[in-house]
Amino acid sequence: MNYVHEYSQILESKRELITAWMKKKRSEVPIPIYGSVDVRDAGWKVAVVDANHFPAGFNNVSKEDEPHLAALLKNHISRLKSECKWVHLYPESHTRNAGYIENVATIQRLIILSGFRCTVGSPELSAHGSLAGISGPLQLSRVELKLENGAEELFVEGKRPCLILLNNDLTEGIVPGLSANNVSPPPSMGWHRRRKSEHYVCLQKYVDEMAQLLEIDSWHLMANWFVSENKCLEKENCRIELAAEVDEFIKKIREKYESLGIEREPVVFVKNDRGTYGLGIMTVKEGKELLELSNRKMKKLMYSKGGADVENFLIQEGVPTLLTEEGGAPVEPVVYLVDGEAASWFYRINDKKGDMDNLNSPSAEFFDSSEVGHLYGEHAKGWHALVAELSMLAMGAEAIKYANESSVQ
């Protein structure tokens, strides 16, 4: 069996070529201001299994990384808006989760460290003076919508900020007052429009090119996947069709495993094709499991934040994690990127789950790189950083696609 880790010497020997390739590709797309990716490292494969355009876990990264994160933010914002002095952070309004609020507070601290003024708030939150985070209250500014030149615009304490930084995934649609030319990431990248599958369509192109540069099989750098569309799972015929598709997909994965000498039964993840904060995900070993779903599991699989209908499912090859903490619990690296660069890591550890399970559950614990990074650092800045940065290129390509779609509607 070929382990991708065995190619690490090739990766290091081609660093200059990779750097030049990345520079060229980044010049061709709008690189996201920030993002995060979940990485699975099975040894034989390292792959991004989830990519977030509105990351919600900055509170989990190491404080030692904050100066570097701030420097990258400064570069990106200055390039985006050269005269920018004031960034307004527009968060989720539906949650009172202390961890998420601490994430927003961390982003605010990073922006201030970057040299900009930073306020926080939304019209929905204006009735609240503050929100309770882990380290203390997060102060909110008064935000209101005003009609200017025939369009609603966002005003903070009666004035217009230079730039609005979105940390709201817009599952329920674009909120009023967000003008695309004054907002980053672009509102068109919200989950009201974006699909996980589109990310993998864009990512495949970059993975194929990188694999060609490294002279390895691109299978080692990406999870296989397909989309099952228009599946109304409350109807038996839809579940039967989906089960048959899953069985055929598992058969192909098994054949690939056998050809490489991987002695493991394949597993796939069935996911809502939109973002769901780790919910709406099911692990499946064979299609018949979808025919035997209890009502509880059916509701969980069809969960969608904001109550949007779920009809399209991303079926993704399950990539087990080879990484474990010292007690044997499975570990999943989460890479945080700013301006397209892998800049900080934390590690999701879940001793209630197995190496193939979705680790993003209430029993998960989070450790930053200063705490456990020494256990996984060998590959963090190698393969894990590489696939994460390819994912940011794919997000840039997605942004172009969705912006073009918006312009013709």
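Cavities inside a predicted model

The second largest cavity in this predicted model has a volume of about 40 Å³, where a cavity is a set of points, on a 1 Å grid over the protein atoms alone, at which a 1.4 Å probe fits but cannot get out, and where a volume is the space filled by probe spheres set on points joined across faces, edges and corners. Its lining, made of residues with an atom within 4 Å of a point, consists of D50, A51, W191, R194, K196, H199 and Y200. Two elements, β2 and α5 (196-214), each give two or more residues to this lining, and α5 gives the most, with three; helices (H or I, at least four residues) and strands (E, at least two) are DSSP runs numbered from the N terminus. The lining divides into three nonpolar residues, one polar and three charged, with Ala, Val, Leu, Ile, Met, Phe, Trp, Tyr, Cys and Pro counted as nonpolar, Asp, Glu, Lys and Arg as charged, and the others, Gly among them, as polar.

Of the 17 residues that line the largest cavity, V49, K271, I281, E332 and N358 are the closest to its centre. At least two lining residues come from each of β1 (34-41), β2 (46-52), β12 (268-272) and β14 (313-317), and the lining of this largest cavity divides into four nonpolar, five polar and eight charged residues.

Residues are numbered from 1 along each chain as its sequence is written. Because the model is predicted, local features need pLDDT of at least 70 and side-chain atom pairs count only at pLDDT 80 or more, while totals for chains, interfaces and linings use all residues, and side-chain values use heavy atoms, with hydrogens and water left out.

Methods:
On a 1 Å grid over the protein atoms alone, a cavity is a set of points where a 1.4 Å probe fits but cannot get out, and a pocket is an open set with protein on both sides within 12 Å along at least five of seven lines; lining residues have an atom within 4 Å of a point.
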